[in-house]
Amino acid sequence: MIASRLPSRHARRVVLLNPPGRELYLRDYYCSKTTKSNYLYPPIDLVVLSGSLARDFEVRVLDALAERLDPPRALERLASLAPDAIVSLVGAVSWEEDRPFLEEAKRRTGALLLATGDLFREGAAETLAANPSIDGALLSFANGDAGAILRGDMGAVESAVFRDGGGIRERPPRAARGSFRVPTPRHDLFPRRGYRFSFARRRRFVSMLTDFGCPYPCTFCIMGTLGFATRPLADVLEELAFVRSLGVREIFFLDQTFGVQAERARDLCASMAGRGWSWTAFTRPDRASSGLFEAMAGGGCHTVILGVESADDARLREYRKGYTTEEVREAFARARRSGLRTVGTFLIGGPEDDEDSFRRAVEFAVELRCDFASFNVAVPRFGTPWREELVRDGLAEPNRVDMDQAGERIAMPTRFLTREEVLRAKRRAIRSFYLRPSYLARRLLALRTLHEARSQFSEGLALLARNRG
Ligand code: SF4
């Protein structure tokens with residue numbers, strides 16, 4: 001039984017671990033990828049878990065990526081923390097590095113080892129069976145499962161896979177619904193230095209979540225399979241008060257669609273208004289008509305990240321996006337009128353994409369006057385309906401784990417382009433959007449703080465270095 005490996009309750013020390021990597025990986029929220037430039041934010045799974053676990057355990061955070069620790073130094077630090085349990089991020093993108101690192105971590109510390117990440121959204125029991133160093137995998141980070149497992153209260157575990165006696169027990173993921181509560185995350189446990197975020201206007205920032213999952217059904221995205229639940233606003237406000245007490249005013253909200261419930265969002269923004277907050281959030285173009293952007297700007301939001309995905313209405317229908325390119329145009333115009341900077345996210349390298357699709361995506365980004373464009377390469381994400389189709393059509397290899405939406409490694413070809421051609425087209429798209437003289441002049445004139453100038457300069461250089469011809 002998993003709990004019998006833990007020492008007495010009073011000796012329990014839990015380390016929340018972001019393992020080291022040859023590259024900067026983002027492995028949180030079931031979507032692993034390499035950073036597109038140089039950015040790295042506090043991983044939201046660990047942020048949320050820090051609050052839940054700190055109620056019952058002594059919690060430490062070791063973010064080997066933020067601290068730029070190589071594997072030997074990360075192992076040394078981990079051993080010096082003498083954990084009784086480790087909860088570690090893992091990612092499909094970095095699995096070939098994560099697996100040996102975690103094996104060694106287990107050997108060196110003897111700690112009980114739980115993992116969380118995209119890799120476990122499909123075939124979790126098989127992955128656990130093949131990796132004896134991992135004792136269990138969390139299938140949700142926003143419920144009480146991690147604490148229940150570490151307390152040995154297995155009856156309370158909702159969605160996880162864990163060893164039980166000689167076997168493996170699986171409690172499949174449950175779609176989130178309604179409202180959920182998590183204790184205030186312990187942002188103070190995360191490193192003060194080492195995180196960077198391209199859109200932040202201040203150096204120090206936190207990652208926050210006011211809801212979980214997403215109620216929309218976009219075929220390529222894991223978020224729609226998680227269900228959707230919101231945190232009570234009182235809990236969110238308590239977290240904001242804690243963040244403020246740490247002297248932090250900059251926030252990256254990782255809600256996948258900020259403002260799904262318009263009135264709730266307006267209330268939150270009104271509570272933040274006039275208090276010096278400065279923040280970034282994701283939302284959908286079709287939320288614009290609810291007056292959301294105006295409320296966000298009033299609450300201190302400076303940057304809104306909007307899913308565009310495609311310049312082609314047929315493609316938007318295929319992906320079940322539920323909005324049109326015309327709504328996208330209106331949303332960008334409205335965001336600009338509200339004084340928000342805009343980031344358009346585009347999905348490129350889908351099954352039907354050819355060279356022309358890449359060109360049209362860039363033209364659409366230019367037409368929308370996006371302040372930033374984020375070109376995400378299609379990946380057959382575990383647990384999505386899309387993956388099933390792509391495997392059936394022979395475009396995705398069922399046993400290929402390595403995938404990266406930043407497109408450093410291309411996971412699949414399209415019907416018209418090889419992987420190498422997708423990689424070249426992606427690099428060309430990024431250069432042709434960012435290296436326009438008019439764009440560069442606009443960016444320079446829009447800089448507001450010294451931190452912003454430094455960060456955008458270094459992020460821009462890193463982005464272009466990764467996308468040389
Ligand atoms: S709206 Fe965005 S986060 Fe939600 S399912 Fe669609 S792509 Fe994913």
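Predicted model: local features only at pLDDT ≥ 70, side-chain atom pairs only at ≥ 80, totals over all residues.
Reader: What makes Val15 count as buried?

Author: A residue is called buried if 20 or more other C-beta atoms lie within 10 Å of its own. Val15 has 23 C-beta neighbours inside 10 Å, so it counts as buried.

Reader: Where does Val15 lie, and which residues is it in contact with?

Author: Val15 lies in strand β1. Leaving aside neighbours within four places in sequence, Val15 is in contact with Arg60, Leu62, Leu78, Leu81, Pro83 and Ile86. Contact here requires C-beta atoms within 7 Å. As for Ala111, 96 residues from Val15 along the chain, the C-alpha atoms of the two are separated by 9.6 Å.

Reader: What makes β4 and β9 edge strands?

Author: The sheet is an open one of 7 strands, in the order β4-β1-β5-β6-β7-β8-β9. β4 (58-63) and β9 (167-171) each pair on one side only, and these are the edge strands. From one strand to the next, the twist averages 20 degrees.

Reader: How do you know that the pairing in this sheet is mixed?

Author: β6 (residues 112-116) and β7 (residues 136-138) pair in the parallel sense over 3 bridges. β7 and β8 (residues 160-164) also have 3 bridges, but pair in the antiparallel sense. β8 and β9 run antiparallel as well, joined by 5 bridges. Two strands pair if there are at least two bridges between them. Both senses occur among these pairs, and the pairing of the sheet is described as mixed.

Reader: Which residues stand opposite each other in those pairs?

Author: Ala115 has Ala137 in β7 as its bridge partner. Leu138 stands opposite Ala160 in β8, and Arg163 has Ile168 in β9 as its bridge partner. Between β8 and β9 is a hairpin with 2 residues between the strands, in which Gly165 takes a positive phi near 60 degrees.

Reader: What is the order of the open sheet of 6 strands, and why is one side of β10 and of β17 left without a neighbour?

Author: Its order is β10-β13-β14-β15-β16-β17, with parallel pairing. β10 (205-208) and β17 (372-377) stand at the edges with a single partner strand each, so one side of each has no neighbour in the sheet. The twist in this sheet averages 20 degrees from one strand to the next. β10 runs parallel to β13 (residues 250-253), joined by 4 bridges, and Met208 has Phe253 as its bridge partner in β13. Helix α11 (residues 355-367) lies across β15 (301-309), β16 (341-348) and β17, running at about 170 degrees to β16.

Reader: How do you know that α1 is mostly covered?

Author: Of its 11 residues, 9 are buried. They are Ile44, Asp45, Leu46, Val47, Val48, Leu49, Ser50, Ser52 and Leu53. These buried residues pack against β1 (13-18), β4, β5 (85-89), β6, α5 (145-151) and β10.

Reader: Into which domains is the chain divided, and what touches what?

Author: The chain is divided into domain 1 (2-171) and domain 2 (197-466). Their C-alpha centres lie 27 Å apart, and 23 residues of domain 1 are in contact with 24 residues of domain 2. On the side of domain 1 that touches domain 2, β3 (33-34) and α1 (44-54) each supply at least two residues. The most come from α1, with 3 residues. The residues of that side divide into 14 nonpolar, 4 polar and 5 charged.

Reader: Which residues does Ala137 touch?

Author: Not counting residues up to four places away in sequence, Ala137 touches Leu114, Ala115, Thr116, Phe120, Ala124, Leu128, Ala160 and Val161. One of these, Ala115, is also its bridge partner.

Technical notes:
Residues numbered from 1 in each chain as written. Axes fitted to C-alpha atoms, helices over the stretch in contact; angles between N-to-C directions. Domains from an automatic or database assignment. Contact = placed C-beta atoms within 7 Å. Nonpolar A, V, L, I, M, F, W, Y, C, P; charged D, E, K, R; others polar. Buried ≥ 20, exposed ≤ 12 C-beta atoms within 10 Å, placed from the backbone.
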